[in-house]
Amino acid sequence: MLLNKLSSEIKQYLVITGNYWAFTLTDGALRMLVVLYFHQLGYSPLSIAMLFLFYELFGVVTNLVGGWLGARLGLNKTMNLGLSLQILALIMLAVNPQWLSVAYVMAAQALSGIAKDLNKMSAKSAIKLLVPEDADSTLYKWVARLTGSKNALKGVGFFMGGVLLGAFGFAGALWAMASLLLVAWISSLVLLKQDLGKKKFKPKFSELFSKSRQINILSAARLCLFASRDVWFVVALPVFLSSTLGWDHTLIGSFMALWIIFYGIVQANAPKITRNLQAPARQLTFWAALLTVIPVLIAIALYQQLAATWVIVLGLLCFGGVFAINSSLHSYLIVKFADSDGVSLDVGFYYMANAMGRLLGTVLSGAIYQVYGLEACLWFSSLLLLFTVFISKRLTTDEQIYSGE
């Protein structure tokens, strides 16, 4: 009855958000399952990173081509395709453990990577179409809430992955998640509006690459930003917690879950923290500069042999809070800069850069940690953030020109 009283835009926003939530739960849980299960089997950090290579690599391709498909076919179709591919990826991994060779797991992870980025690109693009052109504050809030809630649920997924692995084993956990996602997929087929985001004229394949200077700069900054997170978070941190601090799977999953939930809460509330939208690019540069300092402080504290557990816990909370604000500003700006007609083309290009950053960070996380340890990963994280600051400053120049300064 309440749903009938809501506007069609709000209804579609709720359907899109529900899809994104369901997918995110399984995505976070699957990542934790793979890291912990294969570490338990004796895989090296670099080998574990390689399991995610196709996940991230195909994410790069998917965002680029997926944006084009979304503009041609409609975002409802690309979102539902993403849900169905994730179900298939989960089922592929829920087989006899003897079949789980590195190549086989990489293939399943490739499907999951395609699914994740189809789903995310569709959700972020759709928001642009549901908010009036001149409602910047509303757009910022809707994007922040969608992204923040997604990351909070990703944290729940991390926790779910650790708990399910301990309770039901690898295959049992995968079947449970596939069942959950099947319900979301069927609901989406019924409720999601047809042809959402379909471009008025069929876009050419040559339109995949953005011609907007602002989007190109923002995409380069996003690449460095997410590489800086994943270079120490994806592989190095869980393995460090397990091998150096002696944490068990459930504790690791719970801790990383709480961190992601905290990160998501801050992200959802970023509009209240940043407040002024008159100069978002300047804020982006400021928050990136602040973030650059945090991995340096964590690395120095570990080098000085301070209590490692407290250093990691407190340092990660600080990093997560500031990173969340950076990410929320980024997510708002790409949706704002994107062209409304065929919005998925611009958003897809941008998230291609995001996926390239995750790919770079994931590979470096395993390689640097295996050879040099966690401190080196943290120093490299700060170097990437320094690049983010310099790139973001290019946007502030544009902002001054457009405002007449």
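In this predicted model, Thr274 has a relative accessibility of 8% and therefore counts as buried, the limit being under 20%. Thr274 lies in helix H11, which spans residues 270-274. Apart from neighbours within four places in sequence, the contacts of Thr274 are Tyr140, Gln283, Trp287, Ile325 and Leu329.

The description now turns to pairs of helices. Two packed helices are described by the angle between their axes and the distance between the axes. Helix H8 (residues 213-233) packs with helix H13 (residues 308-337) at an angle of about 155°, and their axes are 11 Å apart. Because angles over 145 degrees count as roughly antiparallel, H8 and H13 are roughly antiparallel to each other. Their crossing is left-handed. On the H8 side the contact includes Leu218, Leu225, Arg229 and Trp232, while the residues on the H13 side include Phe319, Phe323, His330 and Ile334. Sorted by class, the residues of the contact between H8 and H13 are 13 nonpolar, six polar and two charged.

H8 also packs with helix H10 (residues 249-268): the two axes come within 15 Å and cross at roughly 165°. H8 is therefore roughly antiparallel to H10. The crossing of H8 and H10 is right-handed, whereas that of H8 and H13 is left-handed. Phe226, Arg229 and Phe233 of H8 meet Met256, Trp259, Ile260 and Tyr263 of H10. Six of the residues in this contact are nonpolar, none is polar and one is charged. Phe226, Arg229 and Phe233 of H8, which meet H10, also take part in the contact with H13.

What is the setting of helix H9 (residues 236-243)? Seven of its eight residues are buried, so H9 is largely enclosed by the rest of the structure. The buried residues of H9 are Ala236, Leu237, Pro238, Val239, Phe240, Leu241 and Ser242.

The nonpolar interior remains to be considered. In soluble globular proteins, nonpolar side chains tend to be buried together. Here the largest nonpolar core has 118 residues, and those with the most contacts inside it are Phe170, Leu174, Trp232, Ile312 and Leu374. Leu374 touches Trp232, Ala236, Phe240, Leu302, Ile312 and Tyr369, when residues up to four places away in sequence are not counted.

Key. Residues numbered from 1 in each chain as written. Predicted model: local features only at pLDDT ≥ 70, side-chain atom pairs only at ≥ 80, totals over all residues. Heavy atoms only, no water. Axes fitted to C-alpha atoms, helices over the stretch in contact; angles between N-to-C directions. Helix = DSSP H or I, 4+ residues; strand = E, 2+ residues; numbered from the N terminus. Parallel < 35°, antiparallel > 145°, perpendicular 65-115°, else oblique. Left-handed = near helix turned anticlockwise from the far one by under 90°. Contact = heavy atoms within 4.5 Å. Nonpolar A, V, L, I, M, F, W, Y, C, P; charged D, E, K, R; others polar. Buried < 20%, exposed > 50% of the residue type's maximum accessible area, 1.4 Å probe, protein only. Core = buried A, V, L, I, M, F, W, Y, C linked by side-chain atoms within 4.5 Å.
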